[in-house]
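This report covers a contact between two chains and a handful of local features. Look over the sequence and the structure before reading on.

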Amino acid sequence: MSEYEGVWVFSENQPLMLELLGKGREIADKLQTELTAIVLGSGVKEKAEEAVNYGADKVYVVDDPKLETFQAERYLSALASLTSQYKPETFLIGSTKDGKALAARLATRLNTGCVTDCLQIEVTSEKGLTARKIVYGGNAIATITWRTKPQIATVPPRTFEKPEFKERKGQIIQVEAELEEPQTEKVEVKPLEVSQVKIEEADVIVSCGRGFEKKEDLALAEELAKVLNAQVGCSRPLAEDRKWFSEWIGLSGHKVKPSLYIACGISGVIQHVAGIRDSKIIVAINTDENAPIVEMADYIIVGDIHEMIPAITEAFKKHLSA
Amino acid sequence: MKQAVDVTQLKVDPQTSRLITAEAPRKISDFDKNALEEALKIRESLGGEVVTVTATAEEAKTTIREALAMGADKAYIIKDPAIAKIDTLTTARILAEAVKKLGEFDLVLCGEASIDSFSGQVASRLAEILNIPQLTSAEKMTVENGEVKVERALEDRYETVKAKMPALVSVTRGINQPRIPSLMAIMKASKKEIVEWNLQELGFTPEKLDASNMTVEVLDVSAPKVERKKIFVKGETAAETAEKLVEALLQEGVVGR
Ligand SMILES: Cc1cc2nc3c(=O)[nH]c(=O)nc-3n(C[C@H](O)[C@H](O)[C@H](O)COP(=O)(O)OP(=O)(O)OC[C@H]3O[C@@H](n4cnc5c(N)ncnc54)[C@H](O)[C@@H]3O)c2cc1C
């Protein structure tokens with residue numbers, strides 16, 4: 001038997017940590033081993049208890065005022081000391097930008113492998129743990145396995161479901177860790193104005209592409225979105241080039257998984273499609289019947305957005321008010 | 001700088017849905033051009049020398065010439081077929097040895113990820129091995145008084161962070177618009193030096209590069225399966241088309257919930 005055992009999860013972002021606990025629980029159950037959450041911070045008793053109630057058997061807590069906010073070297077040294085001491089077999093880390101760098105550095109210190117931005121993680125009988133991730137700009141999915149332990153994987157937000165809350169009992173263990181001094185200094189931190197509703201969480205999305213030539217025309221999409229209680233999204237050029245939006249959907253933007261995705265005037269090139277693949281139903285409205293989005297859609301209307309979106313809005317109004 | 005597969009020009013084997021990367025053209029990974037552009041800007045204002053380092057399994061001189069045309073002073077290429085199958089840890093170790101061999105430096109600039117494998121680990125691993133401060137995902141950077149300062153847009157906040165040099169900075173695509181070399185610059189670049197190193201010179205034995213010594217193994221790379229209904233909805237009028245669509249979507253149970 002290997003000296004490495006158990007599944008660990010960590011994210012400095014608590015909601016993401018809870019999602020990781022869901023996947024972690026599944027892996028731990030399959031391997032009949034323990035699920036451990038790592039909680040770093042200052043005054044984090046509640047976070048530790050929350051981790052138990054979302055599925056952790058055990059929580060290692062490093063409670064230190066120096067860990068109050070994320071600081072790479074301090075967090076890294078805490079994780080490195082815990083992993084060297086307790087030797088988890090698998091370690092899932094939340095794929096925020098900071099989390100990803102943290103995971104790569106931790107893996108380097110431990111001389112082990114790390115797979116970033118895993119969209120699927122499975123225990124297979126032949127290969128043990130395997131992960132899937134998007135590569136080649138969305139053109140392909142790679143399946144990767146580890147040859148060394150701990151097996152470190154990073155997981156983006158909204159990849160796995162948050163498990164159900166249940167009052168549970170678990171062990172919460174306070175541990176000490178020697179914290180390294182920071183190598184970088186934060187000069188300024190400004191909270192970002194994050195839109196109240198997150199596009200990743202939308203159940204219906206009306207998405208706009210370059211088929212919209214005038215900014216006023218976005219009203220058409222907004223009108224439809226209102227009727228459907230949907231959110232409005234866009235392809236990258238509408239945000240980056242035209243600055244009509246601050247965020248976009250796709251490989252380099254947000255990955256969404258609504259029940260319904262309505263792509264209006266979007267060609268559907270691979271980088272966009274990489275962000276909408278998990279939508280249940282995709283509708284495309286496009287003047288070009290040969291646009292790549294057609295291959296990706298469940299329902300296709302070949303037509304002009306200026307004519308079709310209002311018509312669809314009207315039809316929905318009729319049905320949904322009835 | 002990574003010589004990457006041009007991901008916009010890939011083909012898929014229709015039988016196996018495996019990706020055919022061998023025939024796709026190669027280019028400098030986009031993010032790395034942003035890193036180079038930033039380095040050139042710093043040189044323009046503060047002086048110094050800009051060199052590029054590439055680890056590659058394939059011939060890369062033609063690709064890397066572009067970096068010289070953009071303005072890099074000198075290029076180093078570490079070429080070995082074994083590099084095709086190495087992991088990010090080994091890549092970072094090779095680059096670290098190359099950096100050490102180059103001697104003193106102020107800044108190592110990297111793209112935050114590569115366009116093909118998109119792992120985003122090499123920069124962080126490299127700084128860790130070199131044991132220098134790292135500033136990742138830079139959207140803006142300035143160098144002043146032996147310090148480098150970067151702005152980073154994170155998920156929930158915007159941060160300004162600084163560190164003493166030598167340091168490593170990884171940059172986003174948004175940090176700048178890489179320059180397009182003029183014809184003159186391209187011609188001049190043909191005279192600039194490209195130094196080739198092999199892995200033995202950097203202290204890597206074939207054994208260290210063997211698949212059995214890698215930390216991860218790629219089992220498969222295939223095109224994602226698309227299982228969509230692809231139903232064209234069409235009526236006599238726009239209203240009728242819309243009506244048909246709405247009925248279908250209500251049937252699917254994806255609206256009005
Ligand atoms: C590294 C990299 C990352 C990228 N990441 C992303 C990403 O995350 N997300 C993203 O979206 N893009 C991304 N892109 C950009 C991407 O390659 C495309 O340029 C972009 O998605 C195209 O946007 P579009 O479909 O809106 O525009 P276009 O490709 O121009 O398509 C417009 C479509 O609208 C149709 N149309 C025109 N007029 C009408 C009309 N009146 N009614 C109906 N249809 C009409 C046209 O037939 C066409 O199909 C990335 C590119 C790179 C290189």
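## Exposure classes and the model

A residue counts as buried under 20% relative accessible area, as exposed over 50%, and as partly exposed in between. The model is predicted.

B:Lys230 has 37% relative accessibility, so B:Lys230 counts as partly exposed. B:Ser17 falls in the partly exposed class too, because its relative accessible area is 25%.

## Positive phi in chain B

B:Lys230 sits in the loop between β13 and β14 of chain B. Its phi is positive, about 50°, although B:Lys230 is not a glycine.

B:Ser17 occupies the loop between β2 (11-12) and β3 (19-20) of chain B. B:Ser17 is not a glycine either, yet has a positive phi of about 55°.

## Cis peptide bonds

In chain A, the peptide bond between A:Lys149 and A:Pro150 is cis. Its omega is about -5°. A:Pro150 belongs to the loop that runs between β8 (140-146) and β9 (151-155) of chain A.

In chain B, a cis peptide bond links B:Met165 to B:Pro166. Here omega is about 5°. B:Pro166 is found in the loop between β10 and β11 (167-171) of chain B.

## The contact between the chains

The size of an interface is often given as the accessible area lost when the parts come together. For chain B and chain A that area is about 6,700 Å². Carbon and sulfur atoms account for 58% of it. Which three residues supply more than any other three of the area that chain B buries against chain A? They are B:Glu128, B:Glu155 and B:Arg228, which supply 10%.

Chain B brings 75 residues to the contact, and chain A brings 79 residues.

## Polar contacts and salt bridges

Between chain B and chain A, 41 residue pairs are in polar contact, with both residues at pLDDT 80 or more. Salt bridges across the interface number 10. B:Glu128 forms a salt bridge with A:Arg105. The closest N and O atoms of that pair are 2.7 Å apart.

Several elements of chain B each supply at least two residues of the side that touches chain A. Among them are the helices α3 (88-102), α4 (122-130) and α6 (238-252). The strands include β8 (134-144), β9 (147-153) and β10 (157-164). Which element gives the most to this side of chain B? It is α6(B), with 12 residues.

## A buried alanine in chain A

A:Ala78 is part of helix α3 (residues 72-86) of chain A. Is A:Ala78 buried or exposed? A:Ala78 is buried, because its relative accessible area is 0%, and buried means under 20%.

Beyond residues up to four places away in sequence, A:Ala78 touches A:Leu40, A:Ala177 and A:Leu179. A:Ile38 lies 40 residues from A:Ala78 along the chain. The C-alpha atoms of A:Ala78 and A:Ile38 are separated by 9.8 Å.

## A nonpolar surface patch in chain B

B:Leu183, B:Ile186 and B:Met187 make a nonpolar surface patch of about 330 Å². B:Met187 is placed in helix α5 (residues 183-189) of chain B. With a relative accessible area of 52%, B:Met187 is exposed.

Notes:
Residues are numbered from 1 along each chain as its sequence is written. Chains are lettered from A and ligands numbered from 1 in the order in which they are written. This is a predicted model: local features need pLDDT of at least 70, side-chain atom pairs count only at pLDDT 80 or more; totals for chains, interfaces and linings use all residues. Side-chain values use heavy atoms; hydrogens and water are left out. Patches are made of residues with over 30% relative accessible area and no salt bridge: like charges are joined within 9 Å, nonpolar side chains (Val, Leu, Ile, Met, Phe, Trp, Tyr) within 5 Å. Accessible areas come from the Shrake-Rupley method with a 1.4 Å probe; for residues, only the protein chains shown count as cover. A salt bridge is a side-chain nitrogen of Lys or Arg within 4 Å of a carboxyl oxygen of Asp or Glu. Helices (H or I, at least four residues) and strands (E, at least two) are DSSP runs, numbered from the N terminus. Buried means under 20% relative accessible area, exposed over 50%, partly exposed in between (1.4 Å probe, protein chains only). Contact means heavy atoms within 4.5 Å. Buried area is the accessible area (1.4 Å probe) that two parts lose on being put together, summed over both. A polar contact is a pair of N or O atoms within 3.5 Å; within protein, one must be able to donate a hydrogen and the other to accept it, and residues adjacent in sequence count only if both atoms are side-chain atoms.
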